[in-house]
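Work through the following exercises with the sequence and the model at hand. Each task is followed by a solution in steps.

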Amino acid sequence: MLESYKKKVVEIAKKASSIGLCLDGSGNFSMRDPETGYIAITPSKIARDELSYRDIVIVDIDAQIIERKSDVLPTSEILVHLEAYKTRPDVHAVAHTHSAFATSFAIAGKEIPGVVYEALAYGGKVPLAKYAIPGTVELSKTIIEPLKNADACLMEKHGVLAVDKDIDVALTKAIYVEEVAQMYYRSLMISKALNDAQAPQAISDEDFSVWQYPTQVKAVEA
């Protein structure tokens with residue numbers, strides 16, 4: 001069942017690990033089939049280099065296991081994934097990562113402002129979902145409001161959540177979150193080194209809203 005979805009989830013999970021967004025067994029990923037509503041989701045406690053498509057679990061929106069081909073359970077953050085799908089009917093992929101710089105802001109309880117235009121990839125800023133114990137219903141509820149306004153959020157003291165219709169794009173958004181977090185952190189350090197009391201300013205919502213690809217650009221014919 002949903003074999004192509006399982007294989008794609010494995011591919012994305014391994015890619016996230018290989019590029020440093022998640023340590024070996026951390027983070028979790030899922031895809032939702034728009035026809036059945038079933039969700040292919042990574043399991044708990046399996047190292048990425050050992051992960052097979054047979055380990056991906058199929059569940060429904062109520063967290064009932066529909067199919068599993070190995071002796072595994074879905075990720076302990078399954079409720080977060082399901083709440084993301086319930087909150088955003090347009091979403092069919094969820095990526096939860098533990099990338100170092102972005103998670104550092106999550107630990108500090110600070111959102112990441114949109115300081116560069118790459119932040120448009122996920123909504124302009126990365127809001128903060130307030131702390132709750134991992135694996136709980138309470139944690140899953142914290143992401144509702146942030147995801148109404150952005151395609152990525154920080155889970156306080158936890159990590160990053162990114163969503164999209166496409167799992168490749170969801171992962172790309174998580175990558176952008178980490179990239180912007182790194183740039184923002186370094187700009188804060190530069191400001192501190194220069195004894196500048198003012199933090200780097202975010203790009204305004206107005207400027208974000210009017211930006212578009214330059215219409216003057218034309219393809220050059222060979």
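The chain exposes about 11,500 Å², of which carbon and sulfur atoms supply 53%; accessible areas follow the Shrake-Rupley method with a 1.4 Å probe, and for residues only the protein chains shown count as cover. The model is predicted: local features need pLDDT of at least 70, side-chain atom pairs count only at pLDDT 80 or more, and totals for chains, interfaces and linings use all residues. Residues are numbered from 1 along each chain as its sequence is written, and side-chain values use heavy atoms, with hydrogens and water left out.

**Exercise 1.** Compare the radius of gyration of the chain with that of a compact globule.

Step 1. The radius is taken over C-alpha atoms, and the globule rule is 2.2 Å times the number of residues to the power 0.38.
Step 2. For 222 residues the rule gives a value near 17 Å.
Step 3. The chain has 18 Å, which agrees.
Step 4. Along the principal axes, the C-alpha atoms fill a box of roughly 55 × 50 × 30 Å.

**Exercise 2.** Describe the setting of Ala63: is Ala63 buried, partly exposed or exposed?

Step 1. Locate the residue: Ala63 lies in the loop between strand S3 (57–59) and strand S4 (65–67). Strands are DSSP runs (E, at least two residues), numbered from the N terminus.
Step 2. Apply the classes: buried is under 20% relative accessible area, exposed over 50%, partly exposed in between (1.4 Å probe, protein chains only).
Step 3. At 28%, Ala63 is partly exposed.
Step 4. Leaving aside neighbours within four places in sequence, Ala63 contacts Ile78 and Leu82 (heavy atoms within 4.5 Å).

Definitions and conventions: Helix = DSSP H or I, 4+ residues; strand = E, 2+ residues; numbered from the N terminus.
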